[in-house]
Amino acid sequence: MLKPNFSIFGPANSDDEDAKKADAARTSAAPAGPSFARKKKATAPKKRKLKAHKTMLEDDEEEIYTAGGEADVEAEDDFEAEEGNASEESTEDELPISMRPKLTSTVSKSLLSAFGEPQGASTAPLQAKLACVVSCVYVLIRELGGTVTLTMTMFLETCRISPLPGAAAELTVPLSFQDIIWIHYHPIRRLLFYDYPCSNSHFMETIVPKLKESLSLTLQNYLPVAGNLLFPSDTENTPVIRYVSGDSVSLVIAESSNDFDELVGNHARDADQFYDLVPQMPRVIDDSGYKIVPVLALQVTLFPGRGICLGFANLHALGDANSILNFMTAWASINKLNGDDYFAGESLPIFDRSVIKDAVQIGGVIWKKNWGKIPFEASSFPVPTNRVRATFILTQNDITELKKMVLGKKPSVVQVSSFVVTTSYVWNCLMKSGQEEVDDDETEIFLFPVDARGRVDPPVPCNYFGNCLGYGKVGIGHKKMAGEEGFVSAAVAIAEEIKKKVNKKNEVFKGAENWGGVDGNRVTGVSGSAKFDLPKVDFGWGMARKLEVVSIDGEEYSMSICKSRDFEGGLEIGMSLPPETMAAFASIFARGLSF
């Protein structure tokens, strides 16, 4: 069964030769990230590029899986069409009628949501129309001189994992103000790549059953993760996360023939290709007075003989990075240890919102004042992204030298941490590499979240599951920020914000009832930190080779940060930018580290 996920691209990012040079530069003695130059012809017209992500589904059934129990099977409606034999060479010719794709309600949700999925009726007629639309778009792009790239991911199974029998029949968790401010934010999408060569048979017969069973065991203590967000239709009612017996988590099992080593590289890669590995959030259901919104989706993809990719997407309203890390660590440990002994030596998650002072009361205020007045919109993938993804390395030596630069010019500054110099340096490089015209006096904003569990009185337990975040906010004029002193200016400002607000007890939540936008200014953000070490999550396959925070594709300017796997004390910075901006950024980033 074929799933098309067509997207129109701009000009090619860079040619293969440039990518190879970037890799060579990256693996040299000073691993400062990718460096490549785009080659352009003076008079050549820009080509539009149609990228077809084709996926094949062998098992068209949705399975409700419960460890140790019977499986309930729910069939899906499918639109059947003839399938032809495709090859990469055939993509250069017009798509024959026999190649018109066959869609399922599971794998075509992004297309269906764009056209409006009918409720309570078969989706087959709409899917048939979509298949025709896809074919016509293909032919149209070919007529306009476009090119086609084909990537292949095969869906082997789509199932639903419920908590182990014996769990509580129902659990309702009210949302705190910390959760509500994220309620309209796009899902956080992450990918963990593991070097773990194995065959398809070992994957399906050993790894997948263990993952299902361990996930079911884990969910027994993380019931809200299997539940749904209930988003009310009016502001008189407040949103909650509710689990009832029978709720479950969507898990997709897939196999990919894409190049694993290309995907885990640090050089610039087409951002759209990663969405084959990211799970779609299940569809939103309209109920009387509420929208029922799933909070988590999972996908495990095998690269035969090479590795495994674990994709997970969650609503930010479910929990912050610390919460998601704790859940993933529990699941991975139970899977590795072949049982639930993990919870015998670890504290169980706490869902009680009262551990944060006034959290629910403030939540009710901001819900009625702001967030409850905004209609809830189902999420979709931001494709085509027209972006490339690349990873940049700051070694421990680089970080030390950057700290020296700041202290050499501003010796009185405190809190000059690795986080401060890393984010300041990346922010400065971004401002220098921007391709758009910006007024010199425009204020550039940098926002960074902070874990507030230990920064309030009384402190919030580290095993609290939910959002417990404060944030720092720094504003600097564009001319200054994009100048040669931009790095030091940013480092001083961020360090001062951490000293006066972030690390000052009870200041971190001050004015929370007024938290909101940033008055139309351009914002640079950051996802993750060295503290929350997701790549360390081990399912029995070792430490992850690579973390990709795919959700930063949805931000104009953002970065992801995690510990470096290859350089002790170093950091990896993930970036998603338009190709021209990425090329400029890579050059500026590398040049600035020539100490």
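Tyr194, Tyr196, Trp331, Phe539 and Trp541 come together as one aromatic cluster, and that is a friendly place to start a tour of this predicted model. The protein chain has 595 residues, of which 54% count as buried. Its secondary structure comes to 14 helices and 23 strands. Among contacts with a separation of 6 or more, 80% are between residues 24 or more positions apart.

**Aromatic rings**

- The model holds 25 aromatic pairs in total.
- One of these pairs is Tyr222 with Phe465, which is edge-to-face, with 5.6 Å from centre to centre and 70° between the planes.
- Tyr222 lies in the loop between α5 (200-219) and α6 (223-226), while Phe465 lies in the loop between β18 (443-451) and β19 (469-477), so the pair links distant parts of the chain, 243 residues apart.
- Are these two residues buried or exposed? Both Tyr222 and Phe465 are buried.
- Phe392 and Phe589 form another aromatic pair, this one tilted, with centres 5.0 Å apart and 55° between the planes.
- This pair, too, links distant parts of the chain: Phe392 belongs to strand β17 (residues 388-394) and Phe589 to helix α14 (residues 579-591), 197 residues apart.
- Phe392 has a relative accessible area of 0% and is therefore buried.

**Charges over rings**

- Which residue lies over the face of Phe274? Arg389 does, at 5.8 Å from the ring centre.
- Lys501 places its charged end over the ring of Tyr471, 4.4 Å from the centre of that ring.
- Lys501 is also listed among the buried residues of helix α13.

**Helices α10 and α11**

- Two packed helices are described by the angle between their axes and the distance between the axes.
- For α10 (residues 396-409) and α11 (residues 418-433), the angle is about 85° and the axes are 9 Å apart.
- Angles of 65 to 115 degrees count as roughly perpendicular, and α10 and α11 are therefore roughly perpendicular to each other.
- On the α10 side, the contact is made by Ile399, Leu402, Lys403 and Val406.
- On the α11 side, Ser418, Val421, Thr422 and Tyr425 make the contact.
- How many residues of each class take part? The contact of α10 with α11 has five nonpolar, two polar and one charged residues.

**Helix α13**

- Helix α13 (residues 486-502) is mostly covered, with twelve of its 17 residues buried.
- The buried residues include Phe487, Val488, Ile494, Ile498 and Val502.
- Gly486, Ser489 and Glu497 are also among the buried residues of α13.
- What do the buried residues of α13 pack against? They pack against α10, α11, β18, β19 and α12 (478-481).

**Ala330 in helix α8**

- Ala330 is part of helix α8 (residues 321-337).
- With 0% relative accessibility, Ala330 counts as buried, because the cut-off for that class is under 20%.
- Leaving aside neighbours within four places in sequence, Ala330 is in contact with Thr218, Tyr222, Tyr342 and Phe343.
- Tyr222 in that list is the residue that pairs with Phe465.
- From Ala330 to Leu215 the C-alpha to C-alpha distance is 9.1 Å, although the two are 115 residues apart in sequence.

**Thr581 in helix α14**

- Thr581 is found in helix α14, the helix that also holds Phe589.
- At a relative accessible area of 5%, Thr581 is buried.
- Not counting residues up to four places away in sequence, Thr581 touches Ser433 and Gln435.

**Val360 in helix α9**

- Val360 sits in helix α9 (residues 359-369).
- Val360 and Ser176 are 184 residues apart along the chain, yet their C-alpha atoms are separated by 4.5 Å.
- Pro174, Leu175 and Arg353 are the residues Val360 touches, not counting residues up to four places away in sequence.

Terms used
Residues are numbered from 1 along each chain as its sequence is written. This is a predicted model: local features need pLDDT of at least 70, side-chain atom pairs count only at pLDDT 80 or more; totals for chains, interfaces and linings use all residues. Side-chain values use heavy atoms; hydrogens and water are left out. Axes are lines fitted to C-alpha atoms, for helices over the stretch in contact, and angles run from 0 to 180 degrees between N-to-C directions. Helices (H or I, at least four residues) and strands (E, at least two) are DSSP runs, numbered from the N terminus. Angles under 35 degrees count as roughly parallel, over 145 as roughly antiparallel, 65 to 115 as roughly perpendicular and the rest as oblique. Contact means heavy atoms within 4.5 Å. Ala, Val, Leu, Ile, Met, Phe, Trp, Tyr, Cys and Pro count as nonpolar, Asp, Glu, Lys and Arg as charged, and the others, Gly among them, as polar. Rings of Phe, Tyr and Trp (its six-membered ring) pair if their centres lie within 6.5 Å; planes under 30 degrees apart count as stacked, over 60 as edge-to-face and the rest as tilted. Buried means under 20% relative accessible area, exposed over 50%, partly exposed in between (1.4 Å probe, protein chains only). A charge sits over a ring if NZ of Lys or CZ of Arg is within 6 Å of the ring centre and within 35 degrees of the ring normal.
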